[in-house]
Amino acid sequence: MLKVLVTGGAGYIGSHVVKILGERGCQIAVIDNLSSGSPKHVLYGNLWILDLSQKDKVLSILKEYQPEVVLHFAGSIVVEESVKEPLKYYENNVGNTIKLLCAMKEAKINKFIFSSSAAVYGIPEVIPVPETAELKPINPYGWTKVMIERILEDLSKAGEITYVSLRYFNVAGADKEGKIGPSYRKPTHLIIRALKAAKGELPFLEIYGTDYPTRDGTCIRDYIHVMDLAEAHFLAMEYLLDGGKSTVLNCGYGRGFSVREVIEEVKKVTKRDFKVIEREKRLGDPPVLIADNTKIKKVLNWTPFYDSLEFIIKTAWKWEIKN
Ligand code: UFG
């Protein structure tokens with residue numbers, strides 16, 4: 001039985017990955033400090049409630065458990081907060097990842113899957129953006145991901161690890177069985193906020209910026225269903241276990257929807273109308289972010305199954321009304 005260790009496995013994306021790993025018979029250890037995740041979302045494996053800053057404890061779990069692969073989701077993810085509290089991001093994301101990598105070295109574990117982000121590209125010059133594009137983040141959150149990728153590259157060149165860094169675009173939706181879903185305490189993401197407006201939990205939805213150089217003036221994003229993303233992690237793990245070389249891969253569908261298009265679809269799926277207010281641009285939002293996904297399709301043979309904005313919103317809505 002394949003043994004894996006998942007950090008941040010109680011969080012949104014981590015818990016969906018734990019679910020498919022569990023369904024496919026992996027033995028799973030989860031480390032999570034529960035700062036944003038919930039133990040109820042860990043459907044398989046053993047959960048250790050622990051912060052990655054506690055390196056000695058992490059080391060003893062690694063030594064005792066001896067996983068073949070570490071999947072590292074734990075980290076802070078709110079772009080705007082990273083601008084206001086950069087040190088929290090550098091400490092939590094970069095600092096704790098270094099501690100984890102040191103512990104892995106000591107425990108002689110050398111396969112690593114990393115949650116990176118499209119935030120590494122900043123405002124890309126080429127759309128859809130390929131992995132070879134220049135890395136020029138426009139916020140500290142994006143910089144933490146670039147720094148970690150740099151560390152991984154150097155470790156890989158030194159022969160210490162092999163890794164896959166997955167650059168997520170806009171992850172959305174929920175488990176289609178409705179068992180788990182997004183678990184943010186203060187959601188900032190568009191689809192979740194629109195659903196909360198449809199539900200009446202928010203009095204209105206704000207559109208941040210309506211004069212972007214796009215088809216309707218609002219930002220365009222590549223929304224990817226969390227279950228397709230979870231599958232990409234599974235394939236990345238198999239790839240490393242088969243002896244695949246270290247690599248960096250975009251995770252997106254290669255098409256985009258504007259904020260207004262998302263709002264229309266949310267109204268259609270939920271059959272509810274809600275108030276929409278046009279506001280100033282949010283700081284640091286790139287106008288268009290769409291993945292060039294040629295590489296992940298080739299390297300991992302990844303085939304998206306849920307490339308439908310309607311399905312993404314339907315699964316997220318099912319989860320939202322249940323909770
Ligand atoms: N938006 C609104 N109203 C809202 C929320 C969002 O108009 O209430 C807009 C944003 O301005 C943006 C788009 O909807 O144009 C998508 O915003 P999200 O907050 O849902 O997602 P982001 O594109 O800002 O963030 C995602 C990931 C980050 C990553 C970033 C890279 O969630 O982790 O892409 O730019 F860093």
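The model is predicted: local features need pLDDT of at least 70, side-chain atom pairs count only at pLDDT 80 or more, and totals for chains, interfaces and linings use all residues. Residues are numbered from 1 along each chain as its sequence is written, and side-chain values use heavy atoms, without hydrogens and water.

**Ligand site**
- Of the 20 residues around the ligand (a heavy atom within 4 Å), His189, Glu206, Arg221, Arg282 and Asp285 come nearest.
- A polar side-chain atom of His189 lies 2.8 Å from a ligand oxygen atom, and an N or O atom in the side chain of Asp285 is 2.6 Å from a ligand oxygen atom.
- The protein buries 93% of the 690 Å² that the ligand exposes when taken alone (Shrake-Rupley method, 1.4 Å probe).
- Strand β8 (205-208) and helix α6 (190-199) each supply at least two residues of the shell (DSSP runs: helices H or I, at least four residues; strands E, at least two; numbered from the N terminus).
- β8 gives the most to this shell, with 4 residues.

**Helix α5**
- Glycine 159, with a positive phi near 80 degrees, follows α5.

**Sheet**
- An open sheet of 3 strands has the order β12-β9-β14, with mixed pairing (at least two DSSP bridges between paired strands).
- β9 (residues 220-221) pairs with β12 in the antiparallel sense over 2 bridges.
- Arginine 221 stands opposite phenylalanine 257 in β12.

Terms used: Polar contact = N/O pair within 3.5 Å; in protein donor to acceptor, adjacent residues only side chain to side chain.
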